[in-house]
Amino acid sequence: MSLQGKNIILGVTGGIAAYKALELTRLLRKAGAEVFPVMTKAAAEFVTPLSFSTLAGSPVSVGTFDRTAERGVNHINIADRADLLVVVPATANIIGKVAGGIADDLLSTVIMATDAPNRLGRGRALIAPAMNHRMYRNPIVQANIEKLTALGYIFVGPERGELACGWEGDGRLAPVAEIFSAIERALSQKDLDGERVLISAGATRTVIDPVRFISNASSGRMGVALAAAAVRRGADVTLVAGVMDVVPPIGVNVIMAETTALMQKELEARFADSTTLIMAAAVADFQVAQERKEKIKKGNSGLILELVKAPDILSGLAAKKQDRLVVGFALETENLKANALAKLKAKALDLIIANSPEAVGSDSNKVLLISKDGLVEDLPLMTKAELADIILDKVLSIKKTNQETVTNG
Ligand code: CTP
């Protein structure tokens with residue numbers, strides 16, 4: 001429940017993309033947020049207020065002050081309690097009104113009443129525009145967006161695509177998942193601000209011939225959860241991805257690296273510029289001695305493949321870590337603690353996460369967290385998303401201790 005207890009004002013203006021704000025409402029509620037929809041009269045022509053109030057679980061205010069004065073006042077009260085204001089979709093009209101300081105209906109008044117983003121904080125007012133591409137490209141609209149951006153409003157999208165008017169161009173509402181993740185980012189504590197986190201995820205492949213390979217069952221879920229949590233908490237994140245079953249998170253710099261050799265090359269190229277490395281990838285330990293350029297014919301007998309040891313990427317990087325923090329994983333079928341502790345020492349890591357094969361491909365994990373000082377934390381079963389935050393908390397606490405040690409001599 002990443003948005004538990006957060007109060008979000010959802011402004012909806014009149015555009016065909018208004019129906020997409022319903023899906024956003026559902027996602028926000030599912031994540032634990034309270035959603036207070038405020039619709040313009042034009043928005044209510046596209047989607048009914050009943051749909052929004054049903055999904056939001058709270059009454060919806062529409063249009064101007066033509067209902068009851070008390071309602072308007074209620075929304076000023078909500079404006080006071082808001083943690084975030086989002087306008088999805090935002091027409092050229094509402095962007096122009098906000099930029100011009102005009103408050104002539106309920107939504108524009110609520111926006112002024114939040115004093116967004118001054119009182120909510122810079123970046124706590126999000127606007128997701130959707131309009132015809134010529135309107136979006138109009139210098140007046142662009143100047144308004146520039147002005148609001150300078151004042152601390154965040155714009156999400158629009159993206160290029162097919163528009164309701166039949167044209168193709170900029171002006172399509174950003175995908176709902178992208179708006180949702182921008183909301184999560186805006187509302188999270190930015191305790192990893194300034195950190196450059198390099199993460200590996202997924203399985204690597206050992207190539208046999210042009211059509212065959214050896215690999216493993218890693219899904220990439222843990223690395224992706226770590227990347228999503230780190231970017232939400234303000235880090236600059238690079239994800240070097242092997243073969244994964246899941247899509248990488250939004251806002252992360254993704255480098256594809258299917259083979260062990262490529263993953264090693266990409267990580268080595270980026271390690272110097274990182275402040276933390278988290279090696280969640282399941283790297284193949286062996287590689288074929290002689291990769292064949294032609295497909296191996298089946299012939300009449302069996303086949304013996306010679307495998308040689310692949311480089312240990314993590315050990316190689318940790319050897320030149322200097323003041324960077326290096327985190328590894330240990331996958332063990334037996335002697336979890338002892339084997340993980342041995343890997344932590346052999347690979348000169350700051351932290352190791354010991355887990356069992358049940359974790360592979362699953363959404364949850366039960367792990368031991370073992371740090372360099374020998375402290376072992378036996379964590380309960382939890383989702384990989386929850387675990388990602390705990391690992392990042394631990395990274396921060398180790399960094400803090402390291403800094404204090406340096407300061408105190
Ligand atoms: N690792 C790596 N390069 C390899 C193998 C593993 O960088 N060739 C990293 C993994 O990403 C993980 C850690 O080393 O963070 C431990 O991986 P694991 O598979 O548990 O152990 P191994 O070192 O491969 O040892 P073993 O397979 O014998 O248990």
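Reply: In this predicted model, Ala 21, Leu 22, Thr 25, Arg 26 and Arg 29 of helix α1 meet Ser 51, Phe 52, Leu 55 and Ala 56 of helix α3. Contact here means heavy atoms within 4.5 Å. Helices are DSSP runs (H or I, at least four residues), numbered from the N terminus.

The contact residues divide into 5 nonpolar, 2 polar and 2 charged. Ala, Val, Leu, Ile, Met, Phe, Trp, Tyr, Cys and Pro count as nonpolar, Asp, Glu, Lys and Arg as charged, and the others, Gly among them, as polar.

Now the geometry. Two packed helices are described by the angle between their axes and the distance between the axes. Helix α1 spans residues 20-30 and helix α3 residues 49-56. Their axes come within 9 Å and cross at roughly 15 degrees. That makes α1 roughly parallel to α3, a label for angles under 35 degrees. Axes are lines fitted to C-alpha atoms over the stretch in contact, and angles run from 0 to 180 degrees between N-to-C directions.

α1 passes α3 in a right-handed crossing. In such a crossing the near helix is turned clockwise from the far one by less than a right angle.

A second pair, α5 (residues 92-100) and α6 (residues 106-114), packs at about 40 degrees, with axes 10 Å apart.

Residues are numbered from 1 along each chain as its sequence is written. Local features need pLDDT of at least 70, side-chain atom pairs count only at pLDDT 80 or more, totals for chains, interfaces and linings use all residues, and side-chain values use heavy atoms, leaving out hydrogens and water.

Conventions
Helices (H or I, at least four residues) and strands (E, at least two) are DSSP runs, numbered from the N terminus. Angles under 35 degrees count as roughly parallel, over 145 as roughly antiparallel, 65 to 115 as roughly perpendicular and the rest as oblique.
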